[in-house]
Structures are given as C-alpha cells and as structure tokens.
Amino acid sequence: MVELTSWISVAVAVIAVLVAYVKWKQSYWWRRGVVQTQPRLLLGDLWDPLMRRRTAGDVIHSICRKHPKEPFIGIYKLITPTLVVKDPELISEVLTKNFSSFANNETLWPEGADKVLSDNPFGATFDRWKELRLRLSQAFSPSRVKIAFGDLATSADCLADFIAASKPGVTHDGELLCKRFTAHASARVLFGIESRSLEVGAEPGVFYEMGHSIFNGTFIENLRFISILFFPALLKVIGYNIVSDSTFDFFRKLIRDSVDYRHKEGVTRDDFVQHAAKTIMVDGKIAEDKLTKSTGQAINSYVETFETSGLTLGSVLLQLATNPREQDRLRTELREKLKRGQPLDHDTVMTLPFLDQVLTETMRLFPVADTIRRVCTKPTTLRSADGPSVDLDVGTPVYIPVEAVQKDPAYFSHPDEFWPDHFGPEEVESRPKNAYLGFGDGPRQCPGMKYGSLQVKVALVTLIQRFEVSPGDKQVLPLQRDPTAPFLNYKGGMWLKFRPLP
C-alpha cells in the first residue's frame, strides 16, 4: 500500500511539473509584454482548425475582434508561441520592407522530401526559393499570359456550350463545373492538348481527375496535409508525398510522349512542353533525371492553374448568384464595353473595372488562403508607429490574418457583405495598401497571379453574357467556409443554376 502511494505521489509530482512547464511556455508573450490570448492548456488556440471544426482564419479572426486596437497579438499552436500581425504597416514590414527577416514560409519541404512540393517555391527555403520562383514566374510571364488568351477564350466557350447543353433548370456542382473548365484550359495552355473535360455527356476526364486528386484525398490524407501545414516538423517524422505515384507517372508519360512527338515531327508551340523539350533533350535523347525534374515542375504549374483558379471561379459565380443586383451591374458593364458578336481580346478583358472589383471583392470576402504563415529567419524587432514593439527570435512563426484584416470595419465599409464598391477608386484610396492581400504581397506574392486572374475573368465574361446565374436548390445559405477543405470551399458545396439569356 505504501509503495502504491509512493507511485501516486510521483505521478502527481510529474504531472504538476508538466502543467507548470506548459503554463510557463504559454506565457511567452505575456512575459515579453505582448497582449496574448488565454490558450487552452497544452492545446493552445489552434486545436479546432487541426480537428477541422473551424478554419484557422475564423479562429484568428475571432481573436483579432477581441483586440481591435492591438497591432499584433500572441497566440499558441499547442505550446509554440506564434505572433499574429494585423497592422497593415507591420504587414508591409513582414512581407516587403524587411523581407529578409521573414523570407521563409512556415511550411518547408526539404529538398528531395517530396517529388513535387520540394520544387515548389511555396515550400522552399530562401536560397532555393529564388531559383524555383524564377522558373515558375517564367511559365507565367506577361508575354506567355497574353499568348494563352486564345486558349482560355476557347475553353470558356466550351464551358458555356457545356452548360447550354444541360437540361433546363438543372443544378450544377459549381466546384466540379469550374474545375472541368480549368482542367480543359490548363491542358491546352500548358501542354497543347485538347482534353475531354468539357465534352458534353462525357465524364470529367483524366486531366480533371489527376488535378482533383492532389488536394482532395481521403479524410486521413487531408488530415495529414492539414497537420503538416500547422506542424511542419511532422514532415521529418511521417513524411508526405502529396502527389500519388499514379499522378506523377501520368504527367511524366505525358511530357515524354509530347516532347518525343514534337521532336520527331518538328512541331513548336510556346508552352510548358516546348520549354521542357529544351531542358530534357540531350544529344537528341530524353535525359531521365531531367525528365523527372520537369515532371515536378509541370505538376506545380498545373496546380497553380487548376485548383485555386477553379475554386475562385466557383466562388465568384456563387457570389453573383446570391447577389443578383451586382450580377446585373456586371452584365451592364459587359454590354457597354464589349461589341456584340465580336471575339474577346486580352486588353479589353483586363481593363473592365467592375469585373475586376467583383473578382477582388470575392477574394476579400472568401480568400483562397485565409492566413499567410511566415517564420522569423533572423533576429528582428517589429515596431508599431504609435504603440508597442516586440523582439522576435529566429524560428518564431509569424501569421498574417488575411481574413481578419480583409473584414476589418476600419478598412471596409461593409466588412461582412459582398460589396464590390469596396474596390472603387474612392474606397481604395482611403485605406492602407495591405488591407487587401488576395494574392499576398512582396517577393513571395503568388507568381501565377496574372494568369489566374485572366483565366477567371475570361470565364466570367463569357458566362455572364450568356446566362443568368442563381443558387442551386442544394446551396447552403448564408455562405460559410468549409473547415474540412484544404483550401477554399463552402459548407454543403457550391451549387449553381444557369438560365440562358435571349
């Protein structure tokens, strides 16, 4: 009995020491004079996003609302201290002005850890990021984006024809529909291939399936992906190839066959395949190691054009469907600016002001990435103009709460409404630059920004001219983000109806 009592005493003492240690760790920001949350013991502030009960953006937004005057707030991932920076001037400091002190994203894929993401600039350390970003930026250079316009317009027409051929009054799965479009467009633009993604009466096709499978796996696969985003150190323990072998092999064979065909037939086309041919052909033969490298780059380019653009297009259509007044305003602009029966052209589409406001407002209200996650890469101090300052150590995670900043009533007159006039000239001039971060900012800004915007705009122009869009019968209203989705999606999905216009 005495021995059992001794063991219980030891256990109680150990637990007491562990609790004291956790409380000490979770007072890190308080000890540094920074306003912090009251985190749950051991679990911290971000347990709900990890368990997929709420999005990280929603949780951090709630925290920011409790401290509206603070330029930054201390939170905890379990017991790891993390700084949330919400003042636009300090956001500029992190993303642009003092970029070298925050050069890395929090989630880093070590070289060779993943066949695809190790060569994506998003997950690369600063030294490798420069090379990888240059490579990806070349794929989406202004000249190549302009060249891609014809293929995008063709794909948009195919999308409209696909919808027109469906039964009257049918409800479309908006995510599926829009990703069929981006799969079709990406196949044409990147690889010069006519896919069956928008063939009437056919299944979405292999290009859609390969793209969709990357970020839409099983519950366990999605949980692993989200866990790695929140706790990057898990990569060293569990490893994670986000792209399956079958998907990788599909793109590898696609590039091999395309390069081989063009080399033999003397075919040239300004696209990814042509660029790959220059790098993987050695003495008239395909070099296997270079082919593997090009395959990873091809998948990264495809992800940039397929996943996020498809989700954004569906999101914009859903906003217009639930806000018919703004849909009518956009249609009026298109009728005034575009000549009926004339083919679209790049410069006109990219200079339609209200179209741009509609896209930007959708990305404000429901950003694809609700939080930008950086890490401090060298000791630095953040100083607010009229308030506190904080010293940051190397390795400290620094979060930019995109959703919270973009719904701050200090910067937006109708923060929780779809209000495209937020991006009219008067309101834009009245607020700080970094109150909107739809594509990020600074050197790590999204490299596919121009292409992604053009792809979505071409589809919108084509569809809004030909159809009236309304919510489908299954649509859950009001719109809410789905916390189980790796990227932007809505609870219950996206459901849309299209009525042909005379």
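## Aromatic pairs and a helix crossing

Phe 251 counts as buried, because its relative accessibility is 0%. The model is a predicted one. Tyr 302, with a relative accessibility of 1%, likewise counts as buried.

The aromatic pairs in this model number 16. Phe 251 and Tyr 302 form one of them, and the pair is classed as tilted because the planes of the rings stand at 55 degrees. Phe 251 belongs to helix α13 (residues 245-265) and Tyr 302 to helix α15 (residues 288-322), so this pair links distant parts of the chain, 51 residues apart. Both rings are also members of one aromatic cluster, which includes Phe 191, Phe 207, Tyr 208, Phe 250 and Phe 306.

Another pair consists of Phe 423 and Tyr 436, whose planes at 75 degrees make the pair edge-to-face. Phe 423 sits in the loop between α19 (402-406) and α20 (425-429), and Tyr 436 in the loop between α20 and α21, so the pair ties together parts 13 residues apart in sequence. Phe 423 and Tyr 436 are both buried.

| Pair | Distance of centres | Angle of planes | Class |
|---|---|---|---|
| Phe 251 and Tyr 302 | 5.3 Å | 55 degrees | tilted |
| Phe 423 and Tyr 436 | 5.2 Å | 75 degrees | edge-to-face |

Elsewhere, the axes of helix α8 (residues 149-164) and helix α21 (residues 449-466) come within 9 Å and cross at roughly 40 degrees. Helix α8 is therefore oblique to α21. The crossing is right-handed. Residues of α8 in the contact include Phe 149, Leu 152 and Ile 163, while those of α21 include Tyr 451, Leu 454 and Arg 466. By type, the residues of this contact divide into 13 nonpolar, two polar and three charged.

Notes
Residues are numbered from 1 along each chain as its sequence is written. This is a predicted model: local features need pLDDT of at least 70, side-chain atom pairs count only at pLDDT 80 or more; totals for chains, interfaces and linings use all residues. Side-chain values use heavy atoms; hydrogens and water are left out. Axes are lines fitted to C-alpha atoms, for helices over the stretch in contact, and angles run from 0 to 180 degrees between N-to-C directions. Helices (H or I, at least four residues) and strands (E, at least two) are DSSP runs, numbered from the N terminus. Angles under 35 degrees count as roughly parallel, over 145 as roughly antiparallel, 65 to 115 as roughly perpendicular and the rest as oblique. A crossing is left-handed if the near helix is turned anticlockwise from the far one by less than a right angle, and right-handed if clockwise. Contact means heavy atoms within 4.5 Å. Ala, Val, Leu, Ile, Met, Phe, Trp, Tyr, Cys and Pro count as nonpolar, Asp, Glu, Lys and Arg as charged, and the others, Gly among them, as polar. Rings of Phe, Tyr and Trp (its six-membered ring) pair if their centres lie within 6.5 Å; planes under 30 degrees apart count as stacked, over 60 as edge-to-face and the rest as tilted. Buried means under 20% relative accessible area, exposed over 50%, partly exposed in between (1.4 Å probe, protein chains only).
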